[in-house]
Amino acid sequence: MMIRITVFEAREDEAPYFNRLADECGIDISCHPEKLSTSNLKLAEGSSAISILGQSYLDADLLQKLKQSGIDFISTRTVGYNHIDLKAAKETGIRISNAFYDPNGVADYTVMLILMSLRKYKQAMWRANVNDYSLFGLQGKEMRNLTIGIVGTGNIGAQVVENLSGFGCRLIASSNRINEKINDQVQYMPLDQLYAEADVISYHVPLLESTYRMVCKASLDKMKKGVILINCSRGELMNFSDVIDAIENHKIGAMALDVFENESGIYHLDRRTDIISNRDMAYIRQFPNVIMTQHIAFYTDTAVATMVECGIKSLVSFLTTGTSDREIS
Ligand code: COI
């Protein structure tokens, strides 16, 4: 019987890759733009595997219903998997895989956000749009005079270190594990020391219980006055109430966020004419020293191709061999 995979959160730009993989693997792939929820489970009827992105929240109830409707394998076409209750998946017997993509896209984007923050580009752009070409308040800083702190040196954090190594800045890092690839380019230290020494701090850790709201009053108090914070990881790393206080009292000098708490249902959608109820998001966006983008650091041609390929091939592997090297255990 032909393998049938149902894809949720399918975007148009992913379609050519799905079509190519359907031909290459000789399988049937049916794509739906909706995120997966209990109300649209029916779309997966006849499939034994599904693929999602990061906006489909798989809790115990949904996983149970999926299992009952014959789903044994799920791939998330994302690197992060904080939207899936892995414990519940294990209990229901559904096997999960995630995607891998080269860290360069997110790392490049991180460097762009650091530079935009240092050179106050948001304000410069606003002004130029209304023919205000004044210099007042736009003086920036040079990378070579700064200490940049990288929190988390897995694939992405390490690539950020590599990217920054040509700028002449001092590079410091704090991570659970020393990454040998970059050990000669960066000085590892405890997180509190990094907080005390860094002019710019960029977060590259996954969202876990231990990292949830790690940017909070207690950690902000340990940082330098005027610190620049960059987050291309997950919004939930930050306690936004404390972050707002720290912007208002000038502890945070600038911030660039590609992610935000409760961004699901907002980012990657056209919500132009809707009432959006994420007050912190709206409030933080208005600060002249805060840049916010809509979770697009990952979004490159190369990364999308790899995300789709990982998402489909891991399911084909599960279905044909019983294993996948992308399985999250
Ligand atoms: C990931 O791959 O984990 C991402 O952050 C990108 C995704 C939400 C589309």
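I count a polar contact as a pair of N or O atoms within 3.5 Å; within protein, one must be able to donate a hydrogen and the other to accept it, and residues adjacent in sequence count only if both atoms are side-chain atoms. This is a predicted model, with local features needing pLDDT of at least 70, side-chain atom pairs counting only at pLDDT 80 or more, and totals for chains, interfaces and linings using all residues. Numbering runs from 1 along each chain as its sequence is written, and side-chain values use heavy atoms, leaving out hydrogens and water.

Entry 1, the ligand. I looked up which residues have a heavy atom within 4 Å of it, and got Thr78, Val79, Gly80, Tyr101, Arg234, His295, Phe298 and Met307. By class, that shell has 4 nonpolar, 3 polar and 1 charged residues.

A polar backbone atom of Gly80 sits 2.8 Å from a ligand oxygen. From the side chains, I found a polar atom of Tyr101 at 2.7 Å from a ligand oxygen and one of Arg234 at 2.8 Å. The protein covers 90% of the 290 Å² of accessible area the ligand has on its own (Shrake-Rupley, 1.4 Å probe).

Most residues other than glycine have a negative phi. Asn131, not a glycine, has a positive phi of about 60°, and Arg213, also no glycine, has one of about 55°.

My cut-offs for relative accessible area are under 20% for buried, over 50% for exposed, and partly exposed in between (1.4 Å probe, protein chains only). Asn131 counts as exposed because its relative accessibility is 58%; Arg213, at 31%, counts as partly exposed.

Definitions and conventions. Ala, Val, Leu, Ile, Met, Phe, Trp, Tyr, Cys and Pro count as nonpolar, Asp, Glu, Lys and Arg as charged, and the others, Gly among them, as polar.
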